[in-house]
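Subject: Structure handover

Hello,

Here is the structure I promised to pass on. Please open it first, then read my notes below.

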Amino acid sequence: MKYLRYAFLAIILLLCVTVALANRDPVTLALWPDTVTAFIGFGYSLTLPLFVIVGLAVGLGLVLGLIWEWLRERGQRVEGKKAQKELARVNAGTTPAAPANTTSTAPRDQVLAILDDKDT
């Protein structure tokens with residue numbers, strides 16, 4: 001399985017090198033269009049090979065996506081830490097001052113509510 005993974009990565013690397021060699025032409029990136037640059041009086045442009053620009057765009061997208069997911073999943077990490085602390089307390093033999101979800105007395109599930117009604 002290890003060799004299969006290395007073979008797959010080698011094929012992906014070969015494809016990336018082939019695409020890079022096919023797209024070596026220089027491309028100019030400008031901060032603004034020429035009309036805006038002429039109106040403002042200054043502008044910034046950068047000339048790089050196309051494969052570098054595509055690689056930087058993909059890399060930037062990956063980094064921004066990872067940061068976005070890390071921020072989005074913050075609540076789950078906080079819940080996990082609370083659960084670990086609660087588990088450590090239970091394993092130590094101490095009882096918590098108040099349970100975490102005592103705000104509502106109604107069951108969260110309709111089936112449990114029906115069963116509770118039958119018991120009474």
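A salt bridge here is a side-chain nitrogen of Lys or Arg within 4 Å of a carboxyl oxygen of Asp or Glu. Keep that rule in mind for the charged pairs further down.

This is a predicted model, so local features need pLDDT of at least 70 and side-chain atom pairs count only at pLDDT 80 or more, while totals for chains, interfaces and linings use all residues. Residues are numbered from 1 along each chain as its sequence is written, and side-chain values use heavy atoms, with hydrogens and water left out.

**Overall layout**

The protein chain has five helices and two strands. Helices (H or I, at least four residues) and strands (E, at least two) are DSSP runs, numbered from the N terminus. Along the sequence the pattern reads α-β-α-β-α-α-α.

How much of the protein chain is buried? Buried residues account for 2% of its 120 residues. Buried means under 20% relative accessible area, exposed means over 50%, and partly exposed lies in between (1.4 Å probe, protein chains only).

**Salt bridges**

The whole structure contains three salt bridges. In general, side chains of opposite charge can pair when their charged atoms come close.

Start with arginine 72. Its side chain meets that of glutamate 69 at 2.9 Å, N to O. An α-helix has 3.6 residues a turn, so residues three or four places apart point the same way. Arginine 72 is exposed at 56% relative accessibility. Glutamate 69 is partly exposed at 30%.

Arginine 72 also forms a salt bridge with glutamate 73, where the closest N and O atoms are 4.0 Å apart. Glutamate 73 is partly exposed, at 31%.

The remaining salt bridge joins arginine 89 and glutamate 86, with closest N and O atoms 3.3 Å apart. Both residues lie in helix 4, three residues apart, about one turn of the helix. Arginine 89 is partly exposed at 33%. Glutamate 86 is partly exposed at 30%.

**Helix 4**

Helix 4 covers residues 74-92. Its 19 residues should span 27 Å at 1.5 Å a residue, and its end C-alpha atoms are 27 Å apart, which agrees. The expected span is 1.5 Å times one less than the number of residues. How many of its 19 residues are buried? The count is zero, and helix 4 is hardly covered. Just after helix 4, glycine 93 takes a positive phi of about 95°.

**Aromatic rings**

The structure holds one aromatic pair. Tryptophan 32 and phenylalanine 42 form it edge-to-face, 5.5 Å centre to centre, with 75° between the planes. Tryptophan 32 lies in the loop between strand 1 (26-30) and helix 2 (34-40), and phenylalanine 42 in the loop between helix 2 and strand 2 (45-49), so the pair ties together parts that are ten residues apart in sequence. Rings of Phe, Tyr and Trp (its six-membered ring) pair if their centres lie within 6.5 Å; planes under 30 degrees apart count as stacked, over 60 as edge-to-face and the rest as tilted. Tryptophan 32 is partly exposed at 29%. Phenylalanine 42 is exposed at 52%.

Next, a charge over a ring. Arginine 5 lies over the face of tyrosine 6, at 5.8 Å from the ring centre. The rule asks for NZ of Lys or CZ of Arg within 6 Å of the ring centre and within 35 degrees of the ring normal.

Tyrosine 3 is in helix 1 (residues 2-22). Tyrosine 3 is exposed, at 71% relative accessibility.

Best wishes
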